[in-house]
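These notebook entries record what I looked up in one structure. I began with a single residue and then widened the search.

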Amino acid sequence: MGRAFEFRKERKFKRWAKMAVQFTRLGKEIVMAVKAGGGDPHTNSRLRTAIQNSKAVNMPKDRVEAAIKRATSRDEKDYEELVYEGYAQHGVAILVETATDNTNRTVANVRSYFTKYGGTLGKTGSLDFIFSRKSVFRFDPGERDLEELEFELIDAGLEDLFVESDEEGNDIAVIHAAYEDFGKMQKTLEEMGIETKSAKLERIPLSTTSVTEEQAADVLKIVDRLEEDDDVQAVYHNMAE
């Protein structure tokens, strides 16, 4: 089936292998949400979102409950959220979101990954012209009329509504709204009875960089290594698909 198929298959296996890392990230997000707004998801929208996202990746319920309980302990460390920006090989922009209890360790690790794989770490804000932070919601469209839904969501801050395919080839509806409209859009979807598969603040590239298959492999080496780090919450790049 060719090298492209083998490459995609390898990437899929790697994603499956990272499930434990996903659980760790979500557990950390739950802890931060509880520390910021308390342990009741009915009154803490950030916690409600984190729990919702944990369900989307089949995170065990006992792990979710353990994270909430751990967050209420005085012994649980506080996490600082930091963003690092730079370039991988071939001019591809990389933005890294972290949550850490040791900033010296995190910056040293992130810098080492960029250096090892031929990239360069830049200054904070250096990629503001490449990435825009958006509120992104994903849900199963089912038989819903998406054109009608667009009109219903305009007042909640809808900027874009489209359909993409997940890894199994199923249709997933995707909503984009402004960063500051996250809470309003989340509340509107809840009131409409739309159960989201995920609700996140994501970095959307405003422009992309085209690369060859071999160059993409170079870039994904640094992306994969960053995503393996326990302090890293999300990695974004502007490499064209």
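Does His-90 count as buried, exposed or partly exposed? I found that His-90 counts as partly exposed, at 32% relative accessibility. I used these cut-offs: buried is under 20% relative accessible area, exposed is over 50%, and partly exposed lies in between, with a 1.4 Å probe and protein chains only.

**Entry 1. Basis of the values.** I note that this is a predicted model, in which local features need pLDDT of at least 70 and side-chain atom pairs count only at pLDDT 80 or more, while totals for chains, interfaces and linings use all residues. Residues are numbered from 1 along each chain as its sequence is written, and side-chain values use heavy atoms, with hydrogens and water left out.

**Entry 2. The chain as a whole.** I counted 8 helices and 8 strands in the protein chain; helices (H or I, at least four residues) and strands (E, at least two) are DSSP runs numbered from the N terminus. The radius of gyration of the protein chain is 19 Å, close to the 18 Å that the globule rule gives for 241 residues, so the chain is as compact as a globular protein of that length. The radius is taken over C-alpha atoms, and the rule is 2.2 Å times the number of residues to the power 0.38. I read spans of about 50 × 45 × 35 Å for the C-alpha trace along its principal axes. Buried residues make up 41% of the 241 in the protein chain. Of the contacts (heavy atoms within 4.5 Å) with a separation of 6 or more, 70% join residues 24 or more positions apart.

**Entry 3. Two positive phi values.** I returned to His-90, which lies in the loop between strand E1 (80-87) and strand E2 (93-100). His-90 is a residue other than glycine, yet its phi is positive, near 65°. Asn-58 likewise is not a glycine and has a positive phi of about 60°. I located Asn-58 in the loop between H3 and H4; at 64% relative accessibility, Asn-58 counts as exposed.

**Entry 4. Asp-218.** I next looked at Asp-218, in helix H8 (residues 213-228). Asp-218 counts as partly exposed at 22% relative accessibility. Leaving aside residues up to four places away in sequence, Asp-218 touches Gln-89 and His-90. Gly-157 is 61 residues from Asp-218 in sequence, and the C-alpha atoms of the two are 38 Å apart.

**Entry 5. H5 with H8.** How do H5 and H8 run relative to each other, roughly parallel or roughly antiparallel? The axes of helix H5 (residues 103-116) and H8 come within 9 Å and cross at roughly 160°, and the two helices are therefore roughly antiparallel. Axes are lines fitted to C-alpha atoms, for helices over the stretch in contact, and angles run from 0 to 180 degrees between N-to-C directions. Angles under 35 degrees count as roughly parallel, over 145 as roughly antiparallel, 65 to 115 as roughly perpendicular and the rest as oblique. In this pair, Val-110, Tyr-113 and Phe-114 of H5 meet Ile-222, Arg-225 and Leu-226 of H8. By class, the residues of this contact are 5 nonpolar, no polar and 1 charged. The classes are nonpolar (Ala, Val, Leu, Ile, Met, Phe, Trp, Tyr, Cys and Pro), charged (Asp, Glu, Lys and Arg) and polar (the others, Gly among them).

**Entry 6. H2 with H4.** I found that the axes of helix H2 (residues 19-37) and helix H4 (residues 61-71) come within 8 Å and cross at roughly 40°. H2 and H4 are therefore oblique to each other. Phe-23, Gly-27 and Ile-30 are among the H2 residues in the contact, and the H4 side includes Val-64, Ala-67 and Ile-68. I recorded 8 nonpolar, 2 polar and 3 charged residues in the contact of H2 with H4.

**Entry 7. H3 with H7.** Helix H3 (residues 45-56) and helix H7 (residues 182-191) pack at an angle of about 65°, with their axes 12 Å apart. Ser-45, Arg-48, Thr-49 and Gln-52 of H3 meet Phe-182, Gln-186 and Glu-190 of H7. This contact divides into 1 nonpolar, 4 polar and 2 charged residues.

**Entry 8. Leu-161.** Leu-161 is buried, with a relative accessible area of 9%. Beyond residues up to four places away in sequence, its contacts include Phe-139, Leu-146 and Ile-175.
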